Amino acid sequence: MKRFAFAASVLMLCTLLSAQDSIPRRSYNATFTSAAPVIDGSLEDEAWQAGTWDGNFTEFQPDNGTAPSQKTEFKVMFDDNNIYVAIKAYDTAPDSASRRISRRDNADGDWVGIMFDSYHDLQTGFAFVVNAAGVKNDFLEANDGQIEDATWDPIWYTDAQMYDWGWAAELRIPLTQLRFRMSDSTIWGLEVLRQLFRKQEMSVWQPIDRNASGLVHNFGTLTGLSGIKPRKQADISPFVVGSLENFKAEEGNPFATGSKGKFNGGLDAKIGLTNNMTLDLTVNPDFGQVEADPSQVNLTAYEIFFEEKRPFFIEGNNITSFKTGLGDGDLGYDNLFYSRRIGRSPHLGAETEINEFAKMPRVTPIISAAKITGKTPDGLSIGIIEAITAEGKAEIDSVGERSYQTVEPLSNYFVSRIKKDFGGGKTVIGGAYTNTHRFLDGTGIDGLVSNANTAGIDFSHYFGKDRNWMVSSATGVSNLTGSAKAIESLQYSSVHYYQRPDADYVEVDTTRTSLNGYGGTIQAGKVGGHWNFTVFGHYKSPGFDLNDVGYLQSADALITGLWSAYRFDKPFSIFNQIRPNANFWTGWDFGGTHLFTGGNLSLYTEFKNLWWTSFGANYDGESLSNTHLRGGPSMLYPSNLNGFFNIGTNSSKIFYAQLWANTGRGGEESAKSWSAGIDLTAKPGQSFSVTLSPSYSKSSNTLQYVTYIPGDDRYILGQIDQQIVRMSIRLNYNITPDLTIQYWGQPFLAAMDYKTYKVVTEPRAESLSDRYHIFTDSEIQYNEADNMYNVDENNAGLVKYSFNNPDYNYDEFLSNLVLRWEFRPGSTVYLVWSQTRSYYDPTGSFSVSQNLDNLYTADKPYNVFLIKFTYRFGLR
């Protein structure tokens, strides 16, 4: 998401939903020019003497439908190769205009922009935005504004200049960067926008009701483009990368000498197959400039979802996405395509003997990847990805003898997605298919799925002339094949837990060589007007599995519920807007057992001084968890009540802040937690910004899973007292819009201290205390030498079983310093310094000073110094 005021404004444009058809549709006639203007922000160029200025903007927010406080005018011209746009942003106090220099796609301050629906499909908008300092921002709106693709980075040119009457912007947009059909009477959708930063006031040329059910279908029209012809894009960008890694040397380990250097090269290309279809190609890609994932503590059995940050995969990901999940959060991540599977860390680890050392690949190398995306003139959207990853091998040194073990097989990934619009986007029907094939022959690997197929169909329809009512559905199926060992492993995994002893509708079959399943969502509701609601259903069969090239935390669920919200969006008293929100949900497993019921109430308020606040509460009733014992019997879990509060100040000020806090309590005193943090941002001057985000959390849970003792069939729980301190530090220094320095760092300190161990006895007992037996001091003893607990359940003087001490401290510091210079459009130099510090000990004790001291003195950090040079050749 492009983090500046426009993104928030467009989100509001797209999600606030009412009758738009009653607002007259405006039209602008573009002018052909034979004299191209020089793009320098000056409107004195003779070329701008032609054409017609238009204005009469209307305020979109905060006071929708009224006259804005400042006047705006624009002009559109074109020639055989470009669209030219000039915008006058009048200002009665031009010295108050915010002219902040920042990196591309992170612009803030005062800005103006233009959006084209060049397909004129009433669904797709191409946005070009520039702020008063000449910083560009661009993105693509899909699905009538419901999806924003902030990763779209076309090649275009812009500049801005101040005047005594305000400021002006010029834009030159090559036709190669736009998608449209050739027609004798070319008509595009058009919207022009302006943000007055100091008042957080957004105005638009074509009035749009804040409660409109979409964005793009409400655009005005752009005419006069007769004779314009599509142009194909063809860019090839070879790159070279050099890096030096510096780390702690390990005596005797030939792979840990303390430093190593690497040199690499590859190729990226973007080629227009037709005006509407683009081929993106990458060969031997390198993503060394990409920021590291933030530190996390995961006490669950499930995989954490991390956002994609690699440019090749995030650009156009709205086209290849096929979501089977529901809403936000963990359920919302369910998707047939999770691009981070491509080039992932190896599935397997190296197996070594005494006096052997191993060099493991951190990620699986991507040999090449190709992507075709686009939309045909009749409304058919297509997205195809084909990627090949190399066989990952661990190099083993055994007293000077070298050998290799395959830790990840050669793999091929195929992803395809199509969608067809009907009736100007009122109806959309789509489908998707993915395949993952691992070449396992000769690798010695039989524990991985060899072939995984998923497919899906989805549908959405909006009712009424105002598109205020909606019904949608998405259904996916999966088929995984492999050896009996691989499929058995899947059945035991946290996604499925087929081994649960009290589940009579699933069981582990050690002979099967395939696993099949299905899942999806269905929703219906009112999405226009002040009052919105959605009724939903979500289902995942026990065998549903997307995790070869998609994402799914767990299967076996039937969930239904209701969401509703009402928006008071007309400013009154001290308020700009108020939005109460309510949710209700309940769920079962596929055996028909009711598992949980919960709900949520929240309120968001924005004030006229541009401060805002939100607060609310979530309640989950007593639930039956099929997963808490990680393959064991279902266990009753106490209710939980959680409350949250957020408050933020006016983000148009030099200094602003956001404070947040959460607290929770488990039923029968089973758990308690609280956390708080603050985000502090300062933007002194035009070129520098700093954001500090410290936070602290403390929690206690008496029912934390510890381990399973298979021989004795015992499930061990314990009380965990957890403390986490973290702080994100982000610095931006923008010398020019094309030459920027960015720093991100995150110290992370975490301690997990376990006590009061217990063994599960009657997991469905009515009283919590009857569901387990707490070990007495005579039944459990800590063996400090082995760092283990020994259990003598019957006080017989004999150790019946043992388990490892789960206490631990984990401290980490991640940092990333990047100098980026885009010395010509599409051609970039990166200088990168990344550092990782980490520390682990088994104490579980927490002290900020001691943890920091351990982190910065115990071990030498891992440093990576990198330079990457990319040069774009435009062939057309």
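Tutor: Let's start with an open sheet of three strands, in the order β42-β43-β44 with antiparallel pairing. Strands here are DSSP runs of E, at least two residues, numbered from the N terminus, and two of them pair if DSSP finds at least two bridges between them. This is a predicted model, where local features need pLDDT of at least 70 and side-chain atom pairs count only at pLDDT 80 or more, while totals for chains, interfaces and linings use all residues. Residues are numbered from 1 along each chain as its sequence is written, and side-chain values use heavy atoms, leaving out hydrogens and water.

Student: Which strands stand at the edges?

Tutor: β42 (780-783) and β44 (801-804) do; each has a single partner strand, so one side of each is left without a neighbour in the sheet.

Student: How many bridges are there between β42 and β43?

Tutor: Four bridges, in the antiparallel sense, with β43 covering residues 788-791. Tyrosine 782 stands opposite tyrosine 789 in β43.

Student: New topic: where is glutamate 308?

Tutor: Glutamate 308 lies in the loop between β17 (277-283) and α2 (311-314). Helices are DSSP runs of H or I, at least four residues.

Student: Is glutamate 308 buried or exposed?

Tutor: Buried, with a relative accessible area of 16%. Buried means under 20%, exposed over 50% and partly exposed in between, using a 1.4 Å probe and protein chains only.

Student: What does the side chain of glutamate 308 make a polar contact with?

Tutor: One partner is the side chain of arginine 310, at 2.8 Å. A polar contact of 2.6 Å also joins the side chains of glutamate 308 and serine 339. A polar contact is a pair of N or O atoms within 3.5 Å; within protein, one must be able to donate a hydrogen and the other to accept it, and residues adjacent in sequence count only if both atoms are side-chain atoms.
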